[in-house]
Amino acid sequence: MDDRKTEGDRMPHTRLFDVVPENSVRFLGHDTHTHPVPHLIHVVSGTADLVVDGAPVHLDAKENLWLAADVPHSAQYAPDSVVLGPFLSPGTTPPVPMRVLGVVPRLTEIARMILGASPRTDAQIRVFREALDEVLLDLDAPYFALRMPTHPVAREVARAAVASDLTLERLAARRRTSVRHVQRLFRDETDLPFTNWRARAKLNVAISRLRAGDSVPAAAHYAGYASRASLLKSLSRESGVAQRLLADDPLTALETRATGA
């Protein structure tokens with residue numbers, strides 16, 4: 001008896017995913033559903049097209065989407081794509097229901113480890129979940145660490161400096177104090193000259209918008225920069241990352257610098 005299978009007898013490629021049905025969503029996608037906890041969608045390879053609470057979202061390889069709990073979403077993956085959707089701890093929730101993160105090298109590294117290790121037990125899964133939690137919560141922290149001045153006048157100037165483009169002279173005059181006094185307060189209480197403090201505070205606003213999915217021009221406008229170029233110039237000056245490296249993907253360039261990669 002000839003046991004050889006003809007081409008028509010062979011199992012279709014897509015049916016191979018049915019062998020481990022709980023993992024088929026990594027390759028095929030899924031219909032609209034929700035989860036009771038926040039979770040991350042990471043495209044290992046290929047592309048993913050999602051509909052999140054009615055809004056279309058496209059992700060390329062290595063890009064990420066951070067979803068809050070109970071947000072309805074569906075997904076369709078291109079052929080030969082691999083997508084992970086690990087659950088997060090309840091407290092690891094994005095500042096908005098849906099946050100497109102783009103490429104984050106540390107998340108790419110953890111996703112690769114998850115694929116290689118294939119954690120099964122609760123204890124094993126917890127290790128990777130906590131690693132994801134740490135990276136995602138760090139994304140919400142200001143990129144540039146800044147101390148807020150405590151003196152009432154300096155604190156008012158600091159808040160106004162981030163929200164407006166008024167000169168220090170105008171900001172000081174509105175509070176009936178001198179520029180020299182404000183500068184001394186900033187140096188004493190933040191360890192930074194006022195100009196550097198203001199630049200970093202505005203950059204933190206822009207970086208926060210980039211993390212939330214804004215384009216570079218939109219983030220620049222939101223943070224009070226005249227143009228995309230002026231934002232990148234200021235970001236290069238304060239971060240030490242060359243403008244040419246920031247031009248294509250500022251977040252990846254900053255993340256690479258932060259991890260020393």
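**Briefing: salt bridges and nonpolar cores**

Six salt bridges are counted, a salt bridge being a side-chain nitrogen of Lys or Arg within 4 Å of a carboxyl oxygen of Asp or Glu. This is a predicted model, in which local features need pLDDT of at least 70 and side-chain atom pairs count only at pLDDT 80 or more, while totals for chains, interfaces and linings use all residues. Residues are numbered from 1 along each chain as its sequence is written, and side-chain values use heavy atoms, with hydrogens and water left out.

**Salt bridges**

- D165 and K202 form a salt bridge at 3.6 Å, N to O.
- This pair joins distant parts of the chain, 37 residues apart: D165 lies in the loop between α4 (152-163) and α5 (168-174), and K202 in helix α7. Helices (H or I, at least four residues) are DSSP runs, numbered from the N terminus.
- D165 is exposed at 58% relative accessibility, whereas K202 is buried at 8%; buried means under 20% relative accessible area, exposed over 50% and partly exposed in between (1.4 Å probe, protein chains only).
- R184 and D188 form another salt bridge, with their closest N and O atoms 3.4 Å apart.

**Nonpolar cores**

- The largest nonpolar core has 19 residues, of which I207, L231, L235, L246 and L254 touch the most other members. Such a core is a set of buried Ala, Val, Leu, Ile, Met, Phe, Trp, Tyr and Cys residues joined through side-chain atoms within 4.5 Å.
- Helices α7 (194-211), α8 (216-222), α9 (228-239) and α11 (250-259) each supply at least two residues of this core, and α7 gives the most, with four.
- A second, separate core of 16 residues includes A161, L166, A172 and F194.
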